[in-house]
Amino acid sequence: MSEIVHPLHRFLRPNVTSTTNCPGCGNGIAAQAILRAIDELGMTLDDFVFVTGIGCSAWIPSPFFNVDVLHTTHGRPIAFALGIKMGLPHKKVMVTSGDGDLGAIGGNHLIHNARRNVEMTVICLNNGIYGMTGGQAAPTTPLGLKTATTPYGTFENPFDLSALVIAAGASFVARWTTHHARQLTASIKKAIQKKGFSFIEVITQCPVQFGRKTGSGSAGQMMEEYKERSISTKEAAKLSKEEIRDRIVVGELVDKEIPEMVEEIRKMNKRVMGEKS
Ligand SMILES: Cc1ncc(C[n+]2csc(CCOP(=O)(O)OP(=O)(O)O)c2C)c(N)n1
Ligand code: SF4
Ligand SMILES: [Mg+2]
């Protein structure tokens with residue numbers, strides 16, 4: 001009997017045979033969308049450097065993707081990614097990390113590199129919680145939710161990460177859920193090709209620390225809920241803020257052309273050095 005090999009198997013490191021993700025975790029769907037996007041663009045992993053912070057979602061490329069990957073400190077992947085882009089501008093730089101890593105401890109790196117429009121793709125796995133460390137409330141946890149650190153419910157308003165990054169000035173921003181694997185793949189393809197800071201928020205299930213502990217149920221139930229709550233940008237535009245309060249607005253939220261910082265620095269260096277010589 002011939003062995004059936006997954007078409008994306010060739011992107012995986014041959015000596016890594018197990019995963020750190022729990023069964024049902026949305027990270028697998030996101031990992032597959034990333035690899036499928038690279039495959040459909042006809043690119044190879046040699047075209048990329050991946051960077052991650054700390055958290056379950058930081059384990060998406062490392063050690064599984066057969067690619068150069070920097071698994072950095074908590075909250076700092078975007079700072080490392082900027083350094084890589086400055087030194088290796090011909091490489092595509094992709095950050096995958098969590099809502100806590102990118103939106104809490106790493107929040108300033110996120111907004112300032114969006115403002116600078118540094119060319120990199122940031123995939124933010126937003127599971128609404130600190131998954132890896134036991135289900136503590138994150139800045140994205142829905143108001144009133146009972147978590148490991150808020151047994152009587154959260155009392156903080158959550159961040160809308162995509163809105164934050166749009167306000168900061170990023171040139172491409174999209175939001176999808178793990179229910180939207182195909183649309184997510186299409187947006188990742190656009191993000192990779194974008195000359196600028198591209199940010200994709202993936203609303204994703206953590207069935208272990210979120211689903212089980214907050215009463216949101218299994219991975220399947222959480223994805224079913226994503227499907228029911230999702231609304232397109234077009235539909236959302238016709239409704240009031242109050243009407244879309246509990247909905248997940250999905251789609252490509254921003255796609256614009258603005259100067260990219262690394263390229264601008266290189267142009268300036270050329271100009272200044274040219275004037276001196
Ligand atoms: C400086 C520092 N502070 C705190 C931690 C502990 N820590 C590791 S991962 C994490 C949160 C991860 O949450 P998130 O980024 O949302 O990723 P997830 O596990 O949910 O995918 C925390 C608080 C750390 N490793 N380093
Ligand atoms: S704890 Fe949650 S986010 Fe982490 S691997 Fe398990 S299901 Fe995924
Ligand atoms: Mg998280």
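How many nonpolar, polar and charged residues does the shell around ligand 2 have? By class, the shell has five nonpolar, four polar and no charged residues, where Ala, Val, Leu, Ile, Met, Phe, Trp, Tyr, Cys and Pro count as nonpolar, Asp, Glu, Lys and Arg as charged, and the others, Gly among them, as polar.

This is a predicted model, in which local features need pLDDT of at least 70, side-chain atom pairs count only at pLDDT 80 or more, and totals for chains, interfaces and linings use all residues. Residues are numbered from 1 along each chain as its sequence is written, chains are lettered from A and ligands numbered from 1 in the order in which they are written, and side-chain values use heavy atoms, with hydrogens and water left out.

Around ligand 2 stand N21, C22, C25, C56, N127, G131, C206, P207 and Q209, each with a heavy atom within 4 Å of it.

I turn now to the pockets. A pocket is an open set of points on a 1 Å grid over the protein atoms alone, where a 1.4 Å probe fits, with protein on both sides within 12 Å along at least five of seven lines; lining residues have an atom within 4 Å of a point.

The lining of the largest pocket comprises 32 residues, with D160, R229, R245, R247 and I248 nearest the centre. This lining divides into 15 nonpolar, eight polar and nine charged residues.

For the second largest pocket, the lining has 21 residues, and L12, G28, A31, F64 and F65 are the closest to the centre. Here the division is eleven nonpolar, nine polar and one charged.
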